Amino acid sequence: MVRRFTRNRAAVFGLAIVALFVVIAIVAPLISPFDPIKTNWGLVRKAPSAAHWFGTDELGRDVLSRVLYGARASLYAGVVSVVIAFAIGVPIGIISGFAGGVLDVVVMRVVDAFLAIPFLILAIALAAFLGPSLTNAMIAIGVSTAPVFARLARGQTLIIKVEEYIEAARSMGVRPSTILTKYIFANALPPLLVQSTLAIATAIIAEAALAFLGLGQQPPDASWGSMLNSARSSLGLAPWMAIYPGIAIFLTVLGFNLLGDGLHDALDPKA
Amino acid sequence: MIGFLIQRLLVAIPTLLIISVIVFCLQQLLPGDPALVIGGGEATPAMLAEIRERYGFNDPLIVQYWHWITSVMHGDFGVSYRTREEIGPMLAAKIPVTLHLALAAMFISLIIGIPAGILAAIWRGRGWDHVVTITALSGISIPNFWLGIMMILLFAVNLGWLPASGYVSPFVDPWASLKSITMPAIVLGTALAAAMMRHTRSAMLTVMSQDYVRTARAKGQREWIVILKHAFLNAQVPIITLATLQFGTLLAGAVLTEQIFSIPGIGKMVVDAVFNREYQAVQAVTLLSGAAFVLMSLLADVLYFWANPKLRSKTL
């Protein structure tokens with residue numbers, strides 16, 4: 001599987017982009033040339049220069065430093081949202097698929113209802129009712145993404161639970177909880193990890209969207225979405241304020257999408 | 001056909017009911033006293049009592065749900081606490097605007113996505129296929145609100161060709177309307193076109209490896225007839241399904257696109273409602289968007305049935 005993955009140049013490129021942004025997020029305080037929240041009224045909306053490579057914003061803050069720090073909010077939100085979605089969706093899907101019967105029918109109707117509400121509308125509604133903050137944005141995105149994991153986990157469970165080794169485990173008297181965790185969850189994990197990678201890409205865009213609308217990371221902390229929001233009012237005067245955070249979102253999301261596609265192909269060469 | 005429709009409707013009804021319960025429960029997420037959240041910090045105890053009475057917050061949850069769902073079924077989504085306007089008519093006024101944007105975006109998605117996907121499948125593994133695959137992946141990865149900002153920067157701020165924001169109805173001034181809808185439709189349509197390209201390519205590749213396509217070629221049929229008549233007509237079922245579901249999502253309002261271009265549709269309404277603490281309007285839009293998606297799924301099933309002769313002949 002590793003060989004199939006490394007042979008896929010697009011997937012390796014995706015992994016390299018993701019790794020780069022993870023490193024940037026970790027070492028942001030060391031490599032940022034300026035304090036990302038320190039305002040400087042003498043440097044308002046300055047074009048890119050040798051001192052400020054990406055220019056400055058409407059409060060004289062260094063855009064490069066804010067883009068570097070913004071990687072923290074975006075990756076953190078992307079990963080935590082997907083962890084929340086995974087933690088809610090996967091147990092629901094596996095138990096529902098394993099139990100079958102009325103429980104499965106009822107649970108899947110609820111999952112379908114969640115899936116019917118457009119993802120961003122549900123995330124906005126949840127974030128609006130919970131209140132604007134990065135934590136609540138992550139909860140909103142996580143809850144909105146959970147049904148996708150529930151559906152996938154259930155589908156995998158339905159395939160795995162009829163396998164002979166599950167029959168064997170049952171006949172040997174292995175407890176259902178052990179079958180669920182050690183046999184079904186372990187075997188359903190690869191496709192769920194692929195989905196997680198792709199879901200991080202969606203979650204990063206969703207976090208940027210919520211921050212853009214003022215429902216995510218709150219000022220003055222840096223976030224790519226909120227940087228784009230403040231750039232809107234200065235578009236004619238300082239286009240660099242909008243260009244760089246957008247490129248950062250695009251590259252990160254592209255990286256996760258390429259990585260997810262590559263993992264998918266490596267795990268399922270027939271696809 | 002009627003039996004099939006009834007069967008699908010029976011599945012859609014409980015889904016719609018569960019959506020209504022989810023949407024109703026959103027209100028329970030409000031931190032603290034919902035009356036205080038709606039009334040704001042400046043509300044007096046008398047005003048808070050009036051809000052509780054008006055919205056039925058003193059009733060048990062199940063009673064509150066019953067009152068809410070029966071009102072919604074009568075088209076009554078409540079009254080805006082700030083402006084005292086009825087939410088139902090406000091929502092109705094936004095629907096044609098969002099519908100116009102959705103149709104324009106869908107048009108862009110179809111005219112780019114389907115031909116590009118067909119060509120990528122025909123030239124699999126060659127230059128054009130790589131171009132389409134990379135473009136599609138980039139289209140999915142670009143945040144559409146950033147694409148919108150970049151287009152405003154280029155076409156409105158720098159070139160001055162198109163208006164940066166605003167909406168004109170096609171019934172008022174068709175030319176101005178076309179200019180106002182072009183950028184938002186491209187922004188929204190390109191993201192959909194990317195998904196459409198991938199889907200069309202994959203559907204065409206599946207069909208083109210079938211025996212009947214090989215037979216058509218062996219009979220000496222011209223290549224374009226093989227592609228369009230034998231392959232594409234059989235690949236259209238998953239494409240129709242995707243297009244219908246995409247349209248269902250679009251009807252929910254392209255929240256960010258409408259916000260960036262100041263288009264007074266459903267998407268902008270929900271954002272404005274969030275910031276004005278009009279939680280009933282947020283609930284109304286969420287419910288409507290879920291219902292629109294369920295209805296479009298139903299339509300997708302019907303179209304799937306209609307476009308698939310095998311399924312039709314089995315039922316007839």
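Chain A has an accessible surface of about 11,600 Å², and 67% of that belongs to carbon and sulfur atoms. Keep in mind that this is a predicted model.

**Chain A on its own**
- Of the 271 residues in chain A, 51% are buried.
- Look at contacts in chain A between residues at least 6 apart in sequence, and 72% of them join residues at least 24 apart.

**Where the chains meet**
- Chain B brings 44 residues to the contact, and chain A brings 40 residues.
- Together the two chains bury about 3,600 Å², with 84% of it on carbon and sulfur atoms.
- On the chain B side, B:Ser141, B:Phe145 and B:Trp146 supply 15% of the area buried against chain A, more than any other three residues.

- The rule finds one salt bridge between chain B and chain A.
- That salt bridge pairs A:Asp261 with B:Arg198, whose closest N and O atoms are 3.5 Å apart.

**What chain B's side is made of**
- Elements giving two or more residues to the side that touches chain A include α1 (2-26), α6 (127-141) and α7 (144-158) of chain B.
- The largest share, nine residues, comes from α13(B).
- By type, this side of chain B divides into 33 nonpolar residues, 10 polar and one charged.

Methods: Residues are numbered from 1 along each chain as its sequence is written. Chains are lettered from A and ligands numbered from 1 in the order in which they are written. This is a predicted model: local features need pLDDT of at least 70, side-chain atom pairs count only at pLDDT 80 or more; totals for chains, interfaces and linings use all residues. Side-chain values use heavy atoms; hydrogens and water are left out. Contact means heavy atoms within 4.5 Å. Buried area is the accessible area (1.4 Å probe) that two parts lose on being put together, summed over both. A salt bridge is a side-chain nitrogen of Lys or Arg within 4 Å of a carboxyl oxygen of Asp or Glu. Helices (H or I, at least four residues) and strands (E, at least two) are DSSP runs, numbered from the N terminus. Ala, Val, Leu, Ile, Met, Phe, Trp, Tyr, Cys and Pro count as nonpolar, Asp, Glu, Lys and Arg as charged, and the others, Gly among them, as polar. Buried means under 20% relative accessible area, exposed over 50%, partly exposed in between (1.4 Å probe, protein chains only). Accessible areas come from the Shrake-Rupley method with a 1.4 Å probe; for residues, only the protein chains shown count as cover.
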